[in-house]
Structure formats: C-alpha cells, structure tokens
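User: I am new to this kind of file and would like to learn how to read it, one feature after another. Could you walk me through it, giving the general idea before each case?

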Amino acid sequence: MRILVTGGAGFIGSNYLLMMADKYPGDCFINVDSLTYAGNLKNLISLEDRLNYIFYKVDICDSAALEAIFQKEKPDAIIHFAAESHVDRSIENPLIFAETNVLGTINLINYACRYGVSRYVQVSTDEVYGSLGREGLFTENTPLMPNSPYSASKASADCFVRAAVETYGLNASITRCSNNYGPYQFPEKLIPLMIWRAIENMPLPLYGDGLNIRDWLYVDDHCRAIDTVLRQGQAGEVYNVGGNNERTNLEIVKEVLRILNKSDSLIQFVTDRPGHDRRYAIDSSKIKRHLNWVPNTNFWDGIGKTVQWYLNNERWWREIISGEYQSYYSDMY
Ligand code: NAD
Ligand code: DAU
C-alpha cells in the first residue's frame, strides 16, 4: 500500500511513522508536512535512508502542490494527522485553525476523491464532543458540541469527511482519541511542559483549580488504533479511542514531580483557560468489540517512560524552547 500521511513531522505523526515504517516494510509512507512550529524533521532522522519513506514539505492548503503529489505518488490510502493542534493558540488566533483544519481537510478530501484513493482515515479528537459532567462517557453517538476554536475546526472537518462519504462515496473513517502523551510531544502541551519546567525548577502553571480531567492514552496505543482503523475500519464509521485513564491535571503534575523528585511547591495556580472543558472520558467499546484494539500501556509505565524520554533527550526540547516557543510563552506569563 502507498500511504500518504499528512502531519508526519508532528508528535503523533512521527510516532506513527517510526512504528509503521518498521512494521510494514512493503508499504510506502509519503509524509506531507509544511513544518509549522510543531513539525520537526529531527524526529524522523532514523527514516531518512529508508526506501519505504518519502518526505514533502507541502502545505495541505496549497492545492497545486498537493495535486502534484497525488499525480506523482498515486497514494492508495491517506491518514490525515496535519492540524493546528493547541487549544490555547486557537484562542489567540482562530483563523489559522479554520485554514489548516477545515480548508486543508477539504482540499485533501477533494484530491482523495478525484484520484480514487481507496481508504481515508481522519484523525480527530474527543474534544469535538465538548465537556462532560461528573458522570458518563463520550460515545460515538454523543452530539458534537465543540467549545474552543480548535475543537470547532476539528468538528467542522469531521462533518466534511462525513459529507464526502455520503456524497462522493469516499471510503473514510474517523477516529476520535483522548489526550495522548509520550516521546516527541511538543513542549507546549501539559505533560512535556511540566516535565521540562520541573527539570528547570521553574513554576508549573496549572489552569484554574487544576481539577479538570483528561483521559490519557500512551501515543503508541493511539498509533496502533489508527493503523487498525486504516486496515479494518468501515466506511462512514467513527471510532472512539481512549485509555480509560482519567486523571485531574493536578494528579498528572504531582506524578511528574514525584518521578523527578521535585517539590510540589513548584505548582502555581494561574488564570483559567477561557471555555476550559471540565472533563473528557472516552467509551472505546466499539473499536474494542469490532476491531479487537486494546491499549497496551498502563498509565504508570507510560508516564515513567515519558519522563525518562525527556530526561534522555534534553537536546531535543532545549532546541525548541530556546526558539519561537519561548517568546510565545513569555508573552503569556
Ligand atoms: P502536532 O501539533 O504535534 O503536529 C501537527 C503536524 O501537522 C506538524 O508536523 C505540523 O507541521 C503539521 N501541519 C500543521 N499545519 C499544516 C499544514 N497546513 N499543512 C501540512 N502540515 C501541517 O499535533 P499532534 O498532537 O501530533 O496531533 C496530530 C493530529 O491528532 C491532529 O489532527 C490532532 O487534532 C489529533 N489529535 C491529537 C491528540 C493529542 O493529544 N495530541 C489527541 C487526539 C487527536
Ligand atoms: O483531548 C484530545 C486533545 O488533547 C487534542 O485534540 C489536542 O490536540 C491536544 O492538544 C489536547 O488538548 P488539551 O487542551 O486537553 O491539552 P493541553 O495539553 O493543552 O492541556 C491539558 C490540560 O492541562 C487542560 O485541562 C489544560 C491544562 N493545562 C494545560 C497547559 C498547557 C494547564 O493547566 N496548564 C498548562 O500550562
């Protein structure tokens, strides 16, 4: 299979490519990424000489460049990771989220249909469902109620994918996963942010009361779920993916501090995120029942491995935080 992967230089896309290029030496992986602040080719150095890996620095909103890739590479399948992914940035600048996440997705779908791509996976998020109260889980039938510009753009993209299935017969499925963590996550997201700031003995900014809940999944488990949906999922179906690992943000940060042997006094409660969703929790029974996917990594192993990865790869994150990212955060705190 020739698989066009968008956003392969980002956090989940990199983990996906590193895992799958090894697992499927007979498949070819065509990575299309515009290398925004979140895309980092250093993640993929080990793939550079591989015969089953190709990279294009192309924006998915650039129709001509994207069409040229379809003409040359003739992909059989698409996995669409590319997105603006950070909620706080979407509050500052919603427009780029509409451009990449909505218009970019429409562009991709257009060429997928025109060039007869036989399989398409839209990598979406549980945030499209909005926020839960104390009880209940998101199922695939939960209504879409996005609360941030980021989740609004992802929900909109999901609707265009659905429309392409119904209108053009595109063989597409949508995955909606909860919060991922693991190696190569950009250091603006909660877990890597808290790890590097704790290493640096800097204050750890917890929004609001720190009691918002996320459902954490180790990135390798998400990558295997996407691969399973690519190969076995049904057209028009949505698959929720989660780790059954609900934690408050405060619990997460305390665990990071415990592993690093640092004091809780580094925690600093700061002004809440506007529109901050209180609780996410995923019901993954459909993908487990229909496609036999199960998560392999328990949270305590996963968080330990993740902290160790950031300790072992200081150079990776130091190069990032010394650049644009630093000025973004110095504007906020
Ligand atoms: P990320 O921000 O780490 O990576 C995004 C990648 O997309 C980067 O490599 C970036 O350069 C690329 N990109 C952005 N705009 C582009 C454009 N216009 N054209 C081409 N490439 C572009 O994101 P991530 O955390 O790896 O998330 C990947 C996907 O998974 C996103 O669609 C996100 O919505 C979804 N998702 C993420 C999580 C999570 O916890 N991180 C959970 C569920 C779903
Ligand atoms: O649920 C899936 C989503 O998870 C993905 O679709 C998004 O792309 C991904 O960014 C993530 O969104 P969140 O907003 O949940 O992740 P983030 O790491 O930004 O924040 C996690 C929680 O931690 C959230 O409740 C906000 C809080 N937080 C975050 C940061 C960056 C803090 O308290 N302090 C912080 O500095």
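This is a predicted model: local features need pLDDT of at least 70, side-chain atom pairs count only at pLDDT 80 or more; totals for chains, interfaces and linings use all residues.

Analyst: Let us begin with how elements are named: helices and strands are DSSP runs, a helix having at least four residues and a strand at least two, and they are numbered from the N terminus.

User: What is the phi of Leu 35, and how should I read it?

Analyst: The general idea is that most residues other than glycine have a negative phi. Leu 35 is not a glycine, yet its phi is positive, near 55°. Its relative accessibility is 26%, so Leu 35 counts as partly exposed.

User: Where does Lys 74 lie, and is it buried or exposed?

Analyst: Lys 74 is found in the loop between α2 (63-73) and β4 (77-80), and it has a positive phi of about 45° although it is not a glycine. Because its relative accessibility is 56%, Lys 74 counts as exposed.

User: Let us turn to the cysteines. How many disulfides does a search of the whole structure find?

Analyst: In general, a disulfide is a covalent bond between the sulfur atoms of two cysteines. Here the search of the whole structure finds zero disulfides. Cys 159, for instance, is in no disulfide, and the nearest cysteine sulfur, which belongs to Cys 113, is 16 Å away.

User: Now for the ligands. Which residues are closest to ligand 1, and how many surround it?

Analyst: Ligand 1 is surrounded by 28 residues, of which the closest are Asp 33, Phe 81, Ser 85, Tyr 150 and Lys 154. Polar side-chain atoms lie by its oxygen atoms, that of Asp 33 at 2.5 Å and that of Tyr 150 at 2.6 Å, while a backbone N or O atom of Ile 60 is 3.0 Å from a nitrogen atom of ligand 1. Taken alone, ligand 1 exposes 840 Å², and the protein buries 96% of that. By class, its shell has 13 nonpolar, twelve polar and three charged residues, and the largest share, three residues, comes from β5.

User: How many residues surround ligand 2, and which element gives the most to its shell?

Analyst: Ligand 2 has 24 residues around it, the closest being Asp 126, Glu 127, Tyr 150, Arg 273 and His 276. An oxygen atom of ligand 2 is 2.5 Å from an N or O atom in the side chain of Tyr 150, and a polar side-chain atom of Arg 273 lies 2.6 Å from an oxygen atom of this ligand. On its own, ligand 2 has 680 Å² of accessible area, and the protein covers 94% of it. The elements that give two or more residues to this shell are α6 (190-199) and β8 (204-207), with β8 giving the most, three residues.

Key:
Residues are numbered from 1 along each chain as its sequence is written. Chains are lettered from A and ligands numbered from 1 in the order in which they are written. Side-chain values use heavy atoms; hydrogens and water are left out. A residue is near a molecule or strand if one of its heavy atoms lies within 4 Å of it. A polar contact is a pair of N or O atoms within 3.5 Å; within protein, one must be able to donate a hydrogen and the other to accept it, and residues adjacent in sequence count only if both atoms are side-chain atoms. Accessible areas come from the Shrake-Rupley method with a 1.4 Å probe; for residues, only the protein chains shown count as cover. A disulfide is a pair of cysteine sulfur atoms within 2.5 Å. Buried means under 20% relative accessible area, exposed over 50%, partly exposed in between (1.4 Å probe, protein chains only). Ala, Val, Leu, Ile, Met, Phe, Trp, Tyr, Cys and Pro count as nonpolar, Asp, Glu, Lys and Arg as charged, and the others, Gly among them, as polar.
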